[in-house]
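Please keep the picture at hand as you read.

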Amino acid sequence: MLVPHSDLVEGPQPMEVVAQVEQTSTVENQPVDDPPSMKFTWTIENFTRLNTKKHYSDVFIVGSYKWRVLIFPKGNNVDHLSMYLDVADSTTLPYGWSRYAQFSLAVVNQIHSKYSIRKDTQHQFNARESDWGFTPFMPLSELYDPSRGYLVNDTVVIEAEVAVRKVLDYWSYDSKKETGYVGLKNQGATCYMNSLLQTQYHIPYFRKAVYHMPTTENDIPTGSIPLALQSLFYKLQYNDTSVATKELTKSFGWDTYDSFMQHDVQELNRVLCEKLEDKMKGTVVEGTIQQLFEGHHMNYIECINVDYKSTRKESFYDLQLDVKGCRDIYASFDKYVEVERLEGDNKYHAVEHGLQDAKKGVLFIDFPPVLQLQLKRFEYDFMRDTMVKINDRYEFPIQLDLDKENGKYLSPEADRSVRNLYTLHSVLVHSGGVHGGHYYAFIRPTLSDQWFKFDDERVTKEDTKRALEEQYGGEEELPQTNPGFNNTPFKFTKYSNAYMLVYIRESDKDKIICNVDEKDIAEHLRIRLKKEQEEKEDKRRYKAQAHLYTIIKVARDEDLKEQIGKDIYFDLVDHDKVHNFRIQKQMQFSLFKEEVAKEFGIPVQFQRFWIWAKRQNHTYRPNRPLTPQEEAQSVGQLREVSNKTHNAELKLFLEIELGLDLCPIAPPEKTKEDILLFFQAL
């Protein structure tokens, strides 16, 4: 099993060498421009005389980085050779370092090279995980058996092939820039929903139908599934960053606890389709769900000895296919239509004919344009009385022909003029066990050769092998070391495998993979979402520039009159309710006074500002007027000088003197002998 080696402490550790150990290393450069790669060969002589728990190779350089191979000759707490690729200078690298590499490690069979044991993986190395590899690489019993070919003349040969690639930094990686698509934010265990939503979004005909569902500007997304889904799809189409799903989950009626529960994907798919189907009734897109996803099969019971047959037509939006006991999709379909014999004690009671031997089965009347296949990876184990995950190898083709063998899956009434040839659109993957794990999806949005992996917020380009073969599941089996010997090969289970497949019928793909643009989106929705985007951008810009501004809260006589007699009995003013000014810190205070003059209609020469003082009982009182020297400073300097608590805001009281005509006049000169008294009427 692939795990980070947890026994290492920071930096290389001293090794106790009892016997002299000779080792040689060679490096073979590979003529590859990008990415830089290298093959390193490590020959370890006197291998059985190694008396250290762990043993390092010489340092070799790939992509200007220093690497080395680390082995545990007697195993890292397992009865297998343990082997890892290690960053040689991890303790001296700067804080926050990271490097990404694809690599393979091998123990060479020196008798028959084709029996060499090789394993490959990839990892993003950092200070916390400076090594990565395989704790159970190969059984010690095979390694130390001279007849197997791995230990010859007490020498072991190890190879490492390393390709250094561009670091995929989760925090700085730009999915939209790299792929043209954006991801969905995970609320906590909602990755299963994200993979399903991405799959549905990338069926353009479905997305277009969602856009055409009638909603109004008065609808609230958290209370309307259609509007919430429209909003989500719009943001997936036009946003530059990952999209939140909270509005949609709230429209489902999920509370916070539910949002963190891993619901059943098939159940979510059916509930969502049913709700949308209901909302589409009586609209221009009525019937879209059925047109895309609905197929029909016929359940039948046919008597063998008398002329009697019972049939029942049923519809389906997805099919559940057995994985256990089936090597691929075709085997699952064979099992689905398998004929059951009703005989002996299990005879069928036919009307007017009594108990009869009969055949029971299912045949398909028609398949839908978009075929959703749920693979039964999770089953109840009656022997163990618990749910288990089926990790068996299960193959699925990129093209699926359900007309094979003269249409053996089709009922007699099926329309044989429809060609049921499908191409793979999406592979939804579960990685983990029955009690939890992670979900993501591989999707071909335009059915081209380019696959994309949608893993919550991150979207990456992937090749066909990664999307198909690596999701078959099963066990990886190392080759037999010596044919003819009764030795059991070492295997390890792959816990990441496909659990849902989406196929699109070839004859319908031009209709389904259609163009969807702003003309398909209701005007009120475009206006609403563009406004949301602008507000979001304003908030982002506001936050980014926050360090350049300060908030000045200006209280006046009107604010004191409003406050006196209210709940805060001994305070003169509620500073949360007074007028706020957002002012650049570098602005001169004299210019700020001009802003106040514009806002309140009080000429600059009639303004006198007081500094508030916070008292021990946490109330505020005007303490003293600003001096001419203070008013000559910038707003930022004044805030620093006057604000001992270093809050981001500056609190001021604006004193205004009114003449007999109630017009502002210059405030009287204040001398050192003057005292300002505040009285509170009881």
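Which strands does helix α16 lie across? Helix α16 (residues 589–600) lies across β30, β31, β32 (608–614) and β34 (649–655), and it runs at about 145° to β31. Such angles run from 0 to 180 degrees between N-to-C directions, with axes fitted as lines to C-alpha atoms, for helices over the stretch in contact; contact means heavy atoms within 4.5 Å.

This is a predicted model, in which local features need pLDDT of at least 70 and side-chain atom pairs count only at pLDDT 80 or more, while totals for chains, interfaces and linings use all residues. Residues are numbered from 1 along each chain as its sequence is written, and side-chain values use heavy atoms, leaving out hydrogens and water.

**The chain as a whole**

- The chain has 18 helices and 36 strands; these are DSSP runs numbered from the N terminus, with helices being H or I of at least four residues and strands being E of at least two.
- Of its 682 residues, 49% count as buried. Buried means under 20% relative accessible area, exposed means over 50%, and partly exposed lies in between (1.4 Å probe, protein chains only).
- Among contacts with a separation of 6 or more, 66% come from residues 24 or more positions apart.
- Accessible areas come from the Shrake-Rupley method with a 1.4 Å probe, and for residues only the protein chains shown count as cover.

- An open sheet is formed by 5 strands in the order β31-β30-β34-β32-β33, with mixed pairing; two strands pair if DSSP finds at least two bridges between them.
- Its edge strands are β31 (579–584) and β33 (620–625), each pairing on one side only.
- From one strand to the next, the twist averages 40°.
- Strand β30 (residues 549–555) pairs with β31 in the antiparallel sense over 6 bridges, and Val 554 stands opposite His 579 in β31.

**Strand β12 and its partners**

- Strand β12 (residues 295–303) has 8 of its 9 residues buried, so it is largely enclosed by the rest of the structure.
- With strand β13 (residues 309–316), β12 pairs in the antiparallel sense over 8 bridges, and a hairpin joins the two strands through 5 residues. In this pairing, His 296 stands opposite Ser 315.
- With strand β18 (residues 358–366), β12 also pairs in the antiparallel sense over 8 bridges. Here His 297 stands opposite Phe 364.
- As background, side chains in a regular strand alternate between the two faces of the sheet.

**Strand β19 and its partners**

- Strand β19 (residues 370–376) is mostly covered, with 6 of its 7 residues buried.
- Strand β14 (residues 319–322) pairs with β19 in the parallel sense over 4 bridges, and Gln 320 has Gln 374 as its bridge partner.
- Strand β29 (residues 496–505) pairs with β19 in the antiparallel sense over 5 bridges, and Gln 372 stands opposite Val 502.

**A patch on the surface**

- Tyr 380, Phe 382 and Met 387 form a nonpolar surface patch with about 350 Å² of accessible area together.
- Phe 382 sits in the loop between β20 (378–381) and β21 (386–389). Phe 382 counts as exposed because its relative accessibility is 73%.

Notes
Patch = residues over 30% accessible without salt bridge, like charges linked within 9 Å, V, L, I, M, F, W, Y side chains within 5 Å. Salt bridge = Lys/Arg side-chain N within 4 Å of Asp/Glu carboxyl O.
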